[in-house]
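This report goes through a protein model piece by piece, from side-chain pairs to sheet, helix and surface. Please keep the sequence and the 3D view at hand while reading.

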Amino acid sequence: MSAPQNLTVGDVVAERTVHLSRESLVRYAGASGDFNPIHYRDDVAAAVGLPGVLAHGMLTMGLAVGTIESWVGDTGRILEYGVRFTKPVVVDPETGADVTVVAKVGAVDDESARIDLTVSFDGNTVLVKAQARVRTV
C-alpha cells in the first residue's frame, strides 16, 4: 500500500484516539531509557510545579506520526517530521489520558504531501506545527 496520489488539501487521511495509562508511561520509559521521575512519580512532578505526571514528549510525538502509518503504507515514505510542544499530556493515575490525532492534507506538490497532525488532549492542542512530509510517487 502506498499513500494516494490524488490528494486534496483538507482531506482527512487518518484519525485515532490513543489511551495512555501510567503503565504505558512505564513501558515507554523502559523502551526509551527515559526514566525522568516526572513521568511516573506524582510527588516529583508536584515538587517541580507540574500539574501531574506527564507523558513523555517523544511518546506523544511518536503516537501522532504513527497515526498515518497505515495510510502511508511504507513508513520510508515519510520524508520529514517535526512538531512544537505546547502543552503537556497529564496522565491521571486512575483514568489515564486520551490523546486524539487527526491527520489532514495541508499541502500537495508533484512528489509529496504535507500532512498536518492535530494532536489534542482534554480539549487542548498539545503539539503545534505537527507536520509530516510524505512522498506520494
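How many salt bridges does a search of the whole structure find? The search finds 5. A salt bridge here is a side-chain nitrogen of Lys or Arg within 4 Å of a carboxyl oxygen of Asp or Glu.

The model is predicted: local features need pLDDT of at least 70, side-chain atom pairs count only at pLDDT 80 or more, and totals for chains, interfaces and linings use all residues. Residues are numbered from 1 along each chain as its sequence is written, and side-chain values use heavy atoms, with hydrogens and water left out.

**Salt bridges**

| Pair | N to O distance |
|---|---|
| Asp43 and Arg41 | 2.6 Å |
| Asp116 and Arg114 | 2.7 Å |
| Arg133 and Glu80 | 3.0 Å |

Helices (H or I, at least four residues) and strands (E, at least two) are DSSP runs, numbered from the N terminus.

Arg133 is partly exposed at 32% relative accessibility, and Glu80 is partly exposed at 45%. Asp116 is partly exposed with a relative accessible area of 23%, and Arg114 is partly exposed at 30%. For the remaining pair in the table, Asp43 has 46% and is partly exposed, while Arg41 is partly exposed with 38%.

**The sheet**

Strands of a sheet pair through backbone hydrogen bonds, either parallel or antiparallel. In this model, an open sheet of 5 strands runs in the order S1-S3-S4-S5-S2, with antiparallel pairing. Two strands are taken to pair if DSSP finds at least two bridges between them. Strand S1 (12-20) and S2 are the edge strands, each pairing on one side only. Averaged over the sheet, neighbouring strands are turned by 20° against each other, direction ignored. For such angles, axes are lines fitted to C-alpha atoms (for helices over the stretch in contact), and values run from 0 to 180 degrees between N-to-C directions.

Strand S3 (residues 97-108) pairs with strand S4 (residues 112-121) in the antiparallel sense over 9 bridges. Within this pairing, Val102 is opposite Thr118, and Val105 has Ile115 as its bridge partner. The hairpin that joins S3 to S4 passes through 3 residues.

S4 also pairs with strand S5 (residues 124-135), again in the antiparallel sense, over 8 bridges. Here Arg114 stands opposite Arg133.

**Positive phi values**

Most residues other than glycine have a negative phi, and most peptide bonds are trans. Which residue takes a positive phi in the hairpin of S4 and S5? Asp122 does, with a value near 55°, and that hairpin has 2 residues between the strands. Asp122 is exposed, with a relative accessible area of 64%. Lys129 also has a positive phi, near 50°. Lys129 lies in strand S5 and is exposed at 56% relative accessible area.

**Helix H3 on the sheet**

Helix H3 (residues 57-66) packs on the sheet and touches S1, S2, S3, S4 and S5. Its direction makes about 135° with that of S2. Contact means heavy atoms within 4.5 Å.

Is Met61 of this helix buried or exposed? Met61 counts as buried, at 15% relative accessibility. Leaving aside neighbours within four places in sequence, Met61 is in contact with Tyr81, Gly82, Val83, Phe85 and Leu127. The C-alpha atoms of Met61 and Tyr81 are 9.5 Å apart, and the two residues are separated by 20 residues along the chain.

**A nonpolar surface patch**

Val26, Phe35 and Tyr40 make a nonpolar surface patch of about 310 Å². Patches are made of residues with over 30% relative accessible area and no salt bridge, with like charges joined within 9 Å and nonpolar side chains (Val, Leu, Ile, Met, Phe, Trp, Tyr) within 5 Å. Accessible areas come from the Shrake-Rupley method with a 1.4 Å probe, and for residues only the protein chains shown count as cover. Tyr40 sits in the loop between helix H1 (22-32) and helix H2 (42-47), and is partly exposed at 38% relative accessibility.

Notes
Buried < 20%, exposed > 50% of the residue type's maximum accessible area, 1.4 Å probe, protein only.
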